[in-house]
Amino acid sequence: MKIGFIGLGIMGKPMAKNLVNAGYELVVFDFNKEAVAELVSCGAASAESGKEAAAQAEVIITMVPNSPHVRAAVLGENGVAEGAKPGTVLIDMSSIDPTESKAIGEELKKFGIEMLDAPVSGGEPKAIDGTLSVMVGGKKELFDKYYEMLMVMAGSSVYVGELGSGNVAKLANQMVVAVNIAAISEALTFAKKAGTDPGLVYQAIRGGLAGSTVMDAKTPMMLERNFKPGFRIELHIKDLNNALNAAHAVSSPVPLTGQLMEIMQALRADDNDKDDHSAIVKYYEKIANITVCPDKLQ
């Protein structure tokens with residue numbers, strides 16, 4: 001199976017490497033020539049455009065930032081639709097608005113191209129070690145056909161429903177993650193303000209009902225003041241914007257998501273939008289006039 005892979009950013013590059021390392025034949029395209037060269041050094045072939053990559057492949061994976069980038073990569077000039085043969089399958093692993101997934105899928109039908117939306121969760125560390133969570137929408141038979149390939153990049157790959165459902169699940173995930181990080185930030189700030197060591201509070205509560213994967217991944221970063229991005233605030237803003245738009249389209253109230261969007265906008269105003277989303281704690285630190293990290297690190 002020859003795979004065209006478009007988008008070699010912070011997530012796409014390690015995902016593509018895992019496919020190459022598993023023995024899949026890849027032809028890759030990205031505007032970042034250094035990223036392309038790195039994949040070529042691992043054994044991939046390069047293409048000069050999405051069109052050229054699609055012309056050589058049975059299945060195309062796109063991993064780009066947002067809906068307009070998917071539309072440009074797939075339906076734009078020198079895009080996938082111009083090069084793909086009828087019967088080609090597009091697997092869009094970007095996190096975008098589910099209404100756009102459906103619209104792009106309808107456009108691709110005119111070219112005889114099938115589509116799955118398969119956004120991922122887990123950030124760069126899980127992209128590197130191949131343990132991402134993948135949420136897939138589209139035809140079940142296509143999910144079944146490409147399941148083994150997806151699992152090269154994933155720890156779990158779950159079929160959710162019709163096209164667009166993968167991104168509905170991803171947006172739900174991002175809503176829960178954002179609220180979870182904010183709750184942790186609020187609790188640790190409270191602990192520090194009350195004169196109790198936030199690190200010890202974390203150790204005390206992580207094994208109980210409050211414990212979560214998010215808590216274990218993000219609390220140490222907050223306590224160490226390590227905001228090197230695994231998932232940048234600016235990307236979470238993008239996801240929450242898509243979540244708000246999609247929720248409003250179906251008249252689903254999302255008050256907590258709305259509040260988190262405003263918190264992240266405040267962080268953006270303070271030039272923190274390139275930080276990891278664990279930096280939500282900075283918002284609480286600012287309004288409480290305190291820092292949650294241990295005194296020795298301040």
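The buried residues of α14 are covered by several elements, including α9 (165-193), α11 (213-224), α12 (233-249) and α13 (255-269), where helices are DSSP runs of H or I with at least four residues, numbered from the N terminus. This is a predicted model, in which local features need pLDDT of at least 70 and side-chain atom pairs count only at pLDDT 80 or more, while totals for chains, interfaces and linings use all residues. Residues are numbered from 1 along each chain as its sequence is written, and side-chain values use heavy atoms, with hydrogens and water left out.

Within α14, which spans residues 280-288, the buried residues are Ile280, Val281, Tyr284, Glu285 and Ala288; buried means under 20% relative accessible area, exposed over 50%, and partly exposed in between, using a 1.4 Å probe and protein chains only. These five lie on the same side of α14 because they cover an arc of only 145° around the axis, the arc being that of the directions from the helix axis to the C-beta atoms. An α-helix has 3.6 residues a turn, so residues three or four places apart point the same way. On the other side of α14, Lys286 and Ile287 are exposed, and just after the helix Asn289 takes a positive phi of about 55°.

The helices α9 and α14 pack at an angle of about 35°, with their axes 8 Å apart; axes are lines fitted to C-alpha atoms, for helices over the stretch in contact, and angles run from 0 to 180 degrees between N-to-C directions. On the α9 side, the contact (heavy atoms within 4.5 Å) is made by residues including Ala178, Ile181 and Lys193.

Key: Helix = DSSP H or I, 4+ residues; strand = E, 2+ residues; numbered from the N terminus.
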